[in-house]
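Dear colleague,

After it come my notes on what was found, with the cut-offs given as each term comes up.

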Amino acid sequence: MAAQETVEHKYVYDFAEGNKDLKDLLGGKGANLAEMTNLGLPVPPGFTITTEACKAYLSTGSEPEGLAGQIEAHLESLERAMGKRLGDPEDPLLVSVRSGAKFSMPGMMETVLNVGLNDRSVVGLSAQAGRNDRFAWDSYRRLIQMFGKTVCDVPGEEFEHALDDAKRAKGTENDLDLDADDLRGLVDAYKKIFAKHTGREFPQEPREQLDLAIRAVFESWNADRAVLYRRQERIPADLGTAVNVVAMVFGNLGPDSGTGVAFTRDPGSGAQGIYGDYLANAQGEDVVAGIRNTVPLQELERMDKTSYDQLLSFMARLEEHYKDLCDIEFTIERGKLWMLQTRVGKRTAAAAFVIAGQLVDEGLIDLDEALHRVNGAQLAQLMFPRFQLDHEFQPVAKGIGASPGAASGKVVFTSARAVELAAEGESVILVRRETNPDDLNGMIAAKGILTSRGGKTSHAAVVARGMGKTCVSGADEIDVNVPGRTFTVGGQTVREGDVVSIDGTTGKVYLGEVPVMPSEVVQYFEGSLDPEHIDNALVRAVHRIMTHADGKRRLAVRTNADTGADAARARRFGAEGIGLCRTEHMFLGDRRELVERLILARSEAERNAALAALLPLQRADFVEIFREMDGLPVTVRLIDPPLHEFLPPLEQLAVNVAVAQERGEDVAKEEALLAAVRRMHEENPMLGLRGVRLGLVIPGLFAMQVRAITEAAVECVRGGTVAKPEIMVPLVGAVQELETVRAEAEKIIAEVVGDSGVEVLIGTMIEVPRAALTAGQIAEAAQFFSFGTNDLTQMAWGFSRDDVEGAFFWRYLELGIFGISPFESIDRDGVGRLVRIAAEEGRAARPELKLGVCGEHGGDPDSVHFFHEVGLDYVSCSPFRVPVARLEAGRAAVETGGSDSR
Ligand code: PEP
Ligand code: MG
């Protein structure tokens, strides 16, 4: 056999042959079982069938050649190790058949326990268990139930109904009250159910049971729920699952047996200590099914001190070995402890930081590794406000945390009512079964969104995330009655106007108003919590890891800010300049009137007068920002959106004019305005008269802005502030556009700067695909590029950035056309390619060209890694994203072997 295996492809590995680094081949569970076996921990013997065997089976529909023989050989050695044979009528070896993919997919795939039991071996099992008939028949009925459901698609409820019938006949609700005879009867009932649905008897041949169970686990990789889960979690579809065949050990053999889970640290807070649950006289699935209540793991010390002490020493050993929080499943069979599973445990965002910090203190990992172990998404989560929960608040339902944050408000069931109440200043929570595009206004008006259906990529979830609004989706315990304007949950009825609170991070729903607590991490970033002087493990860990990230990163982090207040906050958050100051909001409010005058000007003199009135206002705006950013670069972008956006909407204006005319009022001004709006109306304003085009068409507009920026800088410098203005031209597609604007700007700058020493850079956004493709030419006229990846994504895909995410992206996500909106995370292959081309060609033409990005992607963790790889100088993002970008830029540098070469 051994000789044959060397020439055949190896599909089966004994636990002793694997290790934790073979997750691709052996899956997470198999690789870790192998690791524990090799550490000398008591793992029940067994073997793992590789993911390759699964992939071969799934692609051809039959087991690959050689697999059956290899299973046979490993089964034989398992039988030798255990001193029993599979299904032996006298003393049967029983095995579990468990799935185990590279990435944990909890509950998504299949497991069959007690394989090897049949009408004869059930008697042997009872004898071996000390004449424990009850245990043997209970094990047999579990096998038929799991095997029927998993392997032969028998509807699970039928078995559950039969179990309920048996309990009812006995007058009990507790499984444990069923005796051996009841369970024997249940086995007969189960067999009938099995035969009715499959047209055959329950297979009595142990090896056939094993082969069919293995096949079912292979096939469960492609079960609908597994496919959906992978899509949601962005797990590749072609990995396949491994199958673990493990000798059964039993936690249900009496009071000296049991089963439990343990964590080496608290996965919620990261605190050191003993965390876990234990259930005596039970098997693992009883814990999952919640049949009886578990007790805290500490109680095991009283029940079985030897096993408890042993478990603690194994936990310490595992943590030391994996250098991380481990979670563990174990079973005690008649006083003997068995380790059934371990893995690096999932944890909350706070625990991730705290544990990484602790492990550095303990000398188990270094700071680079600590940085690698946390991420920007976790940091972002820690920056949301949280509910201040004490015991008086119990959740009434739990759905999916679809968009993080904490929100309380009055319940409304329709979009219209949400808008109405919000207009009255109320906080509202929009509750729907699921949302659709018609709910958009309501979603905008609401503080939070709660749906009873739909997952992380449902319409509600996608749109809420896009808006940064708290959302809980798929809270299926709540029953929504939209016409009745009520929902019921746990027997209570909630009416329109009642207050609920939803936690978009945990997915929990509370009745009443839960107080909201600000984030300590934000307080730290804002400078109001000093990490050196407070006893807060989270803040200290965040401080330490952020400091390390800052030391490592090569990318600078700037912010997108258009007001002094935003600039100041971003600076406290660590921004090293402004990468995008959008000037358009400076044309709103009481300045609209000046914009109207500019648009309606009938002569050069009228236009110049309007511009002259705007100039000092703009200058004051820039002075404020330069002062906040003293010593740091500030990129000011010349006005971008179409001017008619600053005028009233066409319909409203037309109605106003008609009504006023009817009344015989003087409407000359409104008529002129209406004519201008009509004249400027565009079918596709996003592709119309905006950005540099506006500057070329409206004489004096850009000149006024350039003058205001330069005068502000000179004023600041004369007052002792170091102003470093960078003027950025939007929407450039051809170098000639930029050259024209630049020629005019340079004249003004030269005139204004005088001997002040102010230096003004002139650069451009790269946000039109043509600009990216002709970057070599454009760089001749630009001192810097800033990638506007919002428009670049819009124009590369032809997706309207204002419409598509709410309109149909949920379908694209469902179909897997992309795993995440390209407006949220950079599309590396398409838009990213344009960025790469422009960066390379721009730098080739002008080596000192400064490169940055100021689209939304500048604050997206994955995109930050991409911009690091492409070699940009900085990313720029909204103030709240600055810490996230700093952290991710540090991680990118560490992961690509970079150093503090900034
Ligand atoms: C962009 O297009 O990416 C950009 C930053 O500009 P705006 O979002 O203002 O169009
Ligand atoms: Mg843009």
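How far from an oxygen atom of ligand 1 does a backbone N or O atom of D791 lie? The separation between that backbone atom of D791 and the ligand oxygen is 2.9 Å, which falls within the limit for a polar contact (a pair of N or O atoms within 3.5 Å; within protein, one must be able to donate a hydrogen and the other to accept it, and residues adjacent in sequence count only if both atoms are side-chain atoms).

Before going further, please note that this is a predicted model, in which local features need pLDDT of at least 70 and side-chain atom pairs count only at pLDDT 80 or more, while totals for chains, interfaces and linings use all residues. Residues are numbered from 1 along each chain as its sequence is written, chains are lettered from A and ligands numbered from 1 in the order in which they are written, and side-chain values use heavy atoms, with hydrogens and water left out.

To return to the ligand, a backbone N or O atom of N790 lies 2.7 Å from an oxygen atom of ligand 1, and an N or O atom in the side chain of R801 is 2.7 Å from a ligand oxygen. Taken alone, ligand 1 exposes 290 Å², of which the protein buries 95% (accessible areas come from the Shrake-Rupley method with a 1.4 Å probe, and for residues only the protein chains shown count as cover). Two or more residues of the shell are given by each of β27 (578–582) and α32 (789–797), and α32 supplies the largest share, three residues. There are 14 residues around ligand 1, of which R582, G788, N790, D791 and R801 come nearest, where a residue counts as near if one of its heavy atoms lies within 4 Å. By class, the shell has three nonpolar, four polar and seven charged residues; here Ala, Val, Leu, Ile, Met, Phe, Trp, Tyr, Cys and Pro count as nonpolar, Asp, Glu, Lys and Arg as charged, and the others, Gly among them, as polar.

As for the chain as a whole, it holds 37 helices and 33 strands, both taken as DSSP runs numbered from the N terminus (helices H or I, at least four residues; strands E, at least two). Its C-alpha trace spans about 105 × 65 × 55 Å along the principal axes. Of its 902 residues, 54% count as buried, with buried meaning under 20% relative accessible area, exposed over 50%, and partly exposed in between (1.4 Å probe, protein chains only).

The aromatic rings come next. Rings of Phe, Tyr and Trp (its six-membered ring) pair if their centres lie within 6.5 Å, and planes under 30 degrees apart count as stacked, over 60 as edge-to-face and the rest as tilted. By this rule there are 29 aromatic pairs. Y278 and F330 form a stacked pair, because their ring centres are 6.0 Å apart and their planes lie at 5°. This pair links distant parts of the chain, since Y278 is in strand β9 (residues 272–280) and F330 in strand β11 (residues 326–333), 52 residues apart. Y278 is buried at a relative accessible area of 3%, and F330 is buried at 0%. The rings of F808 and Y812, by contrast, are tilted, because their centres are 5.2 Å apart and their planes lie at 55°.

F808 itself lies in the loop between α33 (804–807) and α34 (809–814), and is partly exposed at 26% relative accessibility. Ring pairs join F808 with W797, F799, F809, Y812, F818 and F823 in a cluster. F808 is also 8.3 Å from H459, C-alpha to C-alpha, although the two are 349 residues apart in sequence.

Two backbone angles deserve a look. N114, in strand β6 (residues 111–115), has a positive phi, near 65°, in a residue other than glycine, and is buried at 0% relative accessibility. R485, in the loop between β20 (479–481) and β21 (486–489), has a positive phi near 55°, and is partly exposed at 33%.

With best regards
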